[in-house]
Amino acid sequence: MERMPYRPDLDMTALGTRPTTTTEITSSDWKQSLPVLAGTQVVLRELRASDAASLFALITCEEVSRFISPPPTTVGGFERFIAWTHRQRSAGTYACFAVTLKGFDTAIGIFQVRETEPGFSTAEWGFAIGSAFWGSGVFHQGAELLLEFAFETLNVHRLEARANVKNGRGNGALLKIGAVQEGVLRKSFLRNGQYLDQVLYAIVDDDWRDSLDAAAQVSSLVSVH
Ligand SMILES: CC(C)(COP(=O)(O)OP(=O)(O)OC[C@H]1O[C@@H](n2cnc3c(N)ncnc32)[C@H](O)[C@@H]1OP(=O)(O)O)[C@@H](O)C(=O)NCCC(=O)NCCS
């Protein structure tokens, strides 16, 4: 999501206020702690306080952050963001994964998903990865893992994303993963004092399942020949 739902100015926990929840909490493992989602090269896992330094180093540069809402500006700010992600996950409204490479534990980016309707029937996802890993396939594999988690574990019906119209890589990445452009949300994102247009994308659960079936058919045809 272009807009990181974390709002340091509204983070009241430091003042002793309990976080609010919008969803009735039911028993579910992912609310206790996020599962580890392992692909062949990419592993998504829960964020830890110790990820703050690498995320600060990789995500705060202008190249990565120019089309998204400003990330925390200090390592301490990332630590508070990470603690906030844990509280939102416990509340059952949000999940944020660290992106790591198999065999290395360093967080090189994040994938996040939040409910926009109670119970995750509709949700929004977003992502940011250190620029050294752009064009490497890390996004694609991480996105496949996140989509499976969203549709199979969170039972999302409709997964939305927003990308600034000028964000070439963000729009290209969403199209590659099968997101469908549904329209332009005019002047919907405030960045540096300017309201910017965003493209609205969505993937619905049936389309995602159909695309998995189609991929399985292609791979069985390839293995026959
Ligand atoms: C968004 C992000 C995670 C995607 O990861 P990535 O590794 O760059 O993505 P990929 O290279 O797999 O895919 C991007 C695609 O967009 C294409 N692309 C690049 N610039 C483009 C442009 N100006 N216009 C259109 N397509 C473009 C790329 O060619 C690529 O497609 P290809 O693999 O078919 O060539 C990463 O760029 C990032 O972290 N950006 C900063 C944070 C951000 O903007 N997040 C919000 C996204 S909505």
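This briefing describes the fold, the ligand shell and selected local features of the structure above. The model is predicted, so to speak of local features a pLDDT of at least 70 is needed, side-chain atom pairs count only at pLDDT 80 or more, and totals for chains, interfaces and linings use all residues. Residues are numbered from 1 along each chain as its sequence is written. The protein has 7 helices and 8 strands, where helices (H or I, at least four residues) and strands (E, at least two) are DSSP runs numbered from the N terminus.

**Confidence**
- The average pLDDT of the protein, the predictor's confidence in each residue from 0 to 100, is 90, and 88% of the residues score at least 70.
- Over residues 14-27 pLDDT stays under 50, and the model has 16 contacts beyond four places in sequence for them.
- Where pLDDT is low, the predicted coordinates should not be read in detail.

**Overall packing**
- Of the 225 residues of the protein, 33% count as buried; a residue is buried if 20 or more other C-beta atoms lie within 10 Å of its own, exposed if 12 or fewer, and partly exposed in between, with C-beta atoms placed from the backbone.
- Among contacts in the protein with a separation of 6 or more, 63% join residues 24 or more positions apart; two residues are in contact if their C-beta atoms, placed from the backbone, lie within 7 Å.

**Ligand shell**
- The ligand is surrounded by 22 residues, of which the closest are Trp134, Phe139, Gly168, Gly170 and Gly172; a residue is near a molecule if its C-beta atom, placed from the backbone, lies within 6 Å of it.
- Strand E5 (122-129), helix H5 (138-153), strand E6 (158-164) and helix H6 (168-176) each give two or more residues to this shell.
- H6 gives the most, with 7 residues.
- The shell comprises 11 nonpolar, 8 polar and 3 charged residues; Ala, Val, Leu, Ile, Met, Phe, Trp, Tyr, Cys and Pro count as nonpolar, Asp, Glu, Lys and Arg as charged, and the others, Gly among them, as polar.

**Helix H5**
- The end C-alpha atoms of H5 are 22 Å apart, in agreement with the 22 Å that its 16 residues should span at 1.5 Å a residue; the expected span is 1.5 Å times one less than the number of residues.
- Buried residues in H5 include Val138, Phe139, Leu145 and Phe149.
- Asn155, which follows H5, has a positive phi near 60 degrees.

**Pro8**
- Pro8 lies in the segment before helix H1 (29-32) and counts as partly exposed because it has 13 C-beta neighbours inside 10 Å.
- Beyond its neighbours within four places in sequence, Pro8 is in contact with Pro72, Gly77 and Arg80.
- The C-alpha atoms of Pro8 and Arg80 are separated by 8.1 Å, although these residues are 72 apart along the chain.
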